[in-house]
Amino acid sequence: MRLPERVGDQVRIGVALQVPEPYGPLLQRARAGFGDPLAHDIPPHVTLLGPTVVEPDQLEVVGDHLTAVGKEHAPFTVLLRGTGTFRPVSAVVFVQVVKGIAECEQLERAVRSGPLEQELRFNYHPHVTVAHDVPEDALDRAFDELAGFEAEFEVDSLQVFEHGDDGVWRAVRDFPLTATPHL
């Protein structure tokens, strides 16, 4: 994982949809079982904004921005099913988002605006990483063993994660999705 450098008291954050229990812990154990050294440092999630460095005095502005984003987006259902990979471009195997894709894309665009505006290195593709930068045989095993995985859950908030000095990403704040769903 490519992390932006911090200077001084800057904070490294990310914005994501955390995969809830029981699915999150199950995917985290699976990731560890594939030998991924980051398995216990990164809770299972769908990224909305990758690692980003923020000045401490901008955290309130970021919070106001994410509160506004939450007010513009309604809760929705995510269905995770099967596996995919970014190989050969990147040594990643993931669980696919098969329902809730449009909602994730809309949230991602809204989050990555205003004070969090930035260019993407790759086109946005909602997914849950289950193996990253592990040997090819472990990537193959992850792809095969989780091919039958399925989980459905409601998303009613997005989370800000902070990257601690110990290398662990921790959810530090939830922003509810409160708009009325479109029928």
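Modeller: We go through salt bridges, aromatic rings and pockets in turn. This is a predicted model: local features need pLDDT of at least 70, side-chain atom pairs count only at pLDDT 80 or more, and totals for chains, interfaces and linings use all residues. Residues are numbered from 1 along each chain as its sequence is written, and side-chain values use heavy atoms, with hydrogens and water left out.

Colleague: How many salt bridges does a search of the whole structure find?

Modeller: Nine. The term requires a side-chain nitrogen of Lys or Arg within 4 Å of a carboxyl oxygen of Asp or Glu.

Colleague: What makes aspartate 165 and arginine 6 a salt bridge?

Modeller: Their side chains meet at 2.5 Å, N to O. The limit is 4 Å, so the pair counts. Aspartate 165 sits in the loop between strand S7 (157-163) and strand S8 (169-176), and arginine 6 in the segment before S1, so the pair ties together parts 159 residues apart in sequence. Strands here are DSSP runs of E, at least two residues, and helices are runs of H or I, at least four, numbered from the N terminus.

Colleague: Why is aspartate 165 called exposed?

Modeller: Its relative accessible area is 71%. Exposed means over 50%, buried under 20%, and partly exposed in between (1.4 Å probe, protein chains only). Arginine 6 has 31%, so it is partly exposed.

Colleague: What does the salt bridge between arginine 81 and glutamate 150 tie together?

Modeller: The closest N and O atoms are 3.0 Å apart. Arginine 81 lies in strand S3 (residues 76-85) and glutamate 150 in strand S6 (residues 150-155), so parts 69 residues apart in sequence are tied together. Arginine 81, at 40%, is partly exposed. Glutamate 150, at 48%, is also partly exposed.

Colleague: Where do aspartate 140 and arginine 87 lie?

Modeller: Aspartate 140 is in helix H4 (residues 136-145), and arginine 87 is in the loop between S3 and strand S4 (92-99), 53 residues apart. Their side chains meet in a salt bridge at 3.0 Å, N to O. Salt bridges with shared partners join Arg87, Glu136 and Asp140 into one network.

Colleague: On to the rings. Why is the pair of phenylalanine 86 and phenylalanine 94 called tilted?

Modeller: The structure holds two aromatic pairs. In this one the centres are 4.6 Å apart, with 35° between the planes. Rings of Phe, Tyr and Trp (its six-membered ring) pair if their centres lie within 6.5 Å; planes under 30 degrees apart are stacked, over 60 edge-to-face, and the rest tilted. At 35°, the pair is therefore tilted.

Colleague: Last, the pockets. How do you know which residues line one?

Modeller: Lining residues have an atom within 4 Å of a pocket point. On a 1 Å grid over the protein atoms alone, a pocket is an open set of points where a 1.4 Å probe fits, with protein on both sides within 12 Å along at least five of seven lines. The largest pocket has a volume of about 1,300 Å³. Among its 38 lining residues, the closest to its centre are Thr47, Gly50, Pro51, Arg121 and Phe122.

Colleague: Which strand supplies the largest share of that lining?

Modeller: S2, with seven residues.

Key:
Points joined across faces, edges and corners; volume = space filled by probe spheres on them.
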